[in-house]
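Please walk me through this protein model. I am new to it and would like a brisk report on its strands, charge pairs and surface.

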Amino acid sequence: MLIITKKFIFSVGEVWFDEDPQELGNVDVLHYRQWIHPIEGSQSDEFYTRLIDLTKSHDELWGSISSNDKYKIRRAEQKDQVIYEYWEHIDSEIINQFSDFYDLFACQKGLTKINRTQLKNRVNAGVIDISHVKLNNGESLVWHVYYRSDNRVRLLHSASVKNSTDTSYQSILGRANRYHHWQDIVRFKNLGISVYDFGGWYTGNTDQEKLGINQFKEKFGGEIVKNFNCINGITMKGKLYLHLLKIYMSLSQLSLPRLSNFKF
């Protein structure tokens with residue numbers, strides 16, 4: 001599946017998981033997301049992630065989860081009575097609900113807001129899966145957004161808004177997120193998808209928050225693998241795009257405030 005997004009005067013495409021497109025059309029730049037091997041002639045970066053084999057039995061998948069996390073998943077369902085939902089058809093209302101929630105999450109975490117144009121393009125291409133966990137009063141707890149192919153799902157976004165003054169709410173939120181991942185895993189397995197991709201793995205040892213996220217993912221089992229993210233200029237305009245991207249990345253390292261809203 002080739003997904004195309006317009007960025008200024010450039011037409012930027014993306015393909016995932018070694019699914020080589022048959023035709024590139026008018027694409028200037030092509031992103032190869034999480035390929036097994038680097039693309040010859042492209043700019044390539046290593047990308048590590050954690051994968052769960054969904055061809056295992058339900059009992060094997062459940063058995064891979066730590067006993068403490070199993071308890072939290074059961075409690076979320078039985079005592080917290082959180083509600084899990086997903087959509088067969090994702091319309092603009094769902095996109096906006098998630099995007100508004102994610103922007104609150106991003107503000108709280110100091111992250112960039114969601115790229116709504118890119119998300120809509122991916123939804124229109126039929127490759128996005130969105131799920132949601134909420135309290136029984138309707139209050140949102142966690143949203144998950146996945147890139148979904150025939151054989152693999154990859155977590156793109158996970159968003160939750162914390163309340164630092166309410167420790168009981170924080171506990172519910174933590175249990176809800178574990179329950180949410182488990183429900184997603186079971187649903188994707190039942191759909192015949194063979195690989196669950198957590199969407200990244202931190203290979204450093206200094207960022208405590210990222211190390212904590214690693215620990216969370218590790219509790220669901222799976223294995224760490226190395227992929228490659230590559231980018232290639234297809235046309236002369238595409239090669240110009242890559243040149244401008246290099247300049248932008250160099251300037252970004254200088255932390256210039258005026259560049260904060262200029263995104264490639």
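How many salt bridges does a search of the whole structure find? The search finds 15. A salt bridge here is a side-chain nitrogen of Lys or Arg within 4 Å of a carboxyl oxygen of Asp or Glu.

This is a predicted model: local features need pLDDT of at least 70, side-chain atom pairs count only at pLDDT 80 or more, and totals for chains, interfaces and linings use all residues. Residues are numbered from 1 along each chain as its sequence is written, and side-chain values use heavy atoms, with hydrogens and water left out.

Helices (H or I, at least four residues) and strands (E, at least two) are DSSP runs, numbered from the N terminus. Buried means under 20% relative accessible area, exposed means over 50%, and partly exposed lies in between (1.4 Å probe, protein chains only). In a regular strand the side chains alternate between the two faces of the sheet. In β2, Phe-10, Val-12, Glu-14 and Trp-16 point one way. Ser-11, Gly-13 and Val-15 point the other way.

Two strands pair if DSSP finds at least two bridges between them. Strand β1 (residues 3-7) runs antiparallel to β2, and 5 bridges join them. Lys-6 has Ser-11 in β2 as its bridge partner. Strand β3 (residues 29-35) runs parallel to β2, again with 5 bridges. Here Trp-16 is the bridge partner of Arg-33 in β3.

Phe-8 is in the loop between β1 and β2. This hairpin has 2 residues between the strands. Phe-8 is not a glycine, yet its phi is positive, at about 60 degrees. Phe-8 is exposed, at 56% relative accessibility. Asp-18 sits in the loop between β2 and β3. Asp-18 is not a glycine either, and its positive phi is about 65 degrees. Asp-18 is partly exposed, with a relative accessible area of 32%.

**Salt bridges**

Side chains of opposite charge can pair when their charged atoms come close.

| Pair | Closest N to O |
|---|---|
| Arg-122 and Glu-14 | 2.7 Å |
| Lys-219 and Asp-69 | 4.0 Å |

Arg-122 forms a salt bridge with Glu-14. The pair links helix α4 (residues 116-124) to strand β2, across 108 residues. Both Arg-122 and Glu-14 are buried.

Lys-219 forms a salt bridge with Asp-69. Lys-219 lies in the loop between α6 (208-218) and β10 (223-233) and Asp-69 in helix α2 (residues 67-78), so the pair ties together parts 150 residues apart in sequence. Lys-219 is partly exposed, at 32%, whereas Asp-69 is buried, at 1%.

Arg-187 and Asp-184 are 3 residues apart in helix α5 (residues 167-190), so about one helical turn separates them. Both are buried. Salt bridges with shared partners join Asp-129, Arg-148, Asp-184 and Arg-187 into one network.
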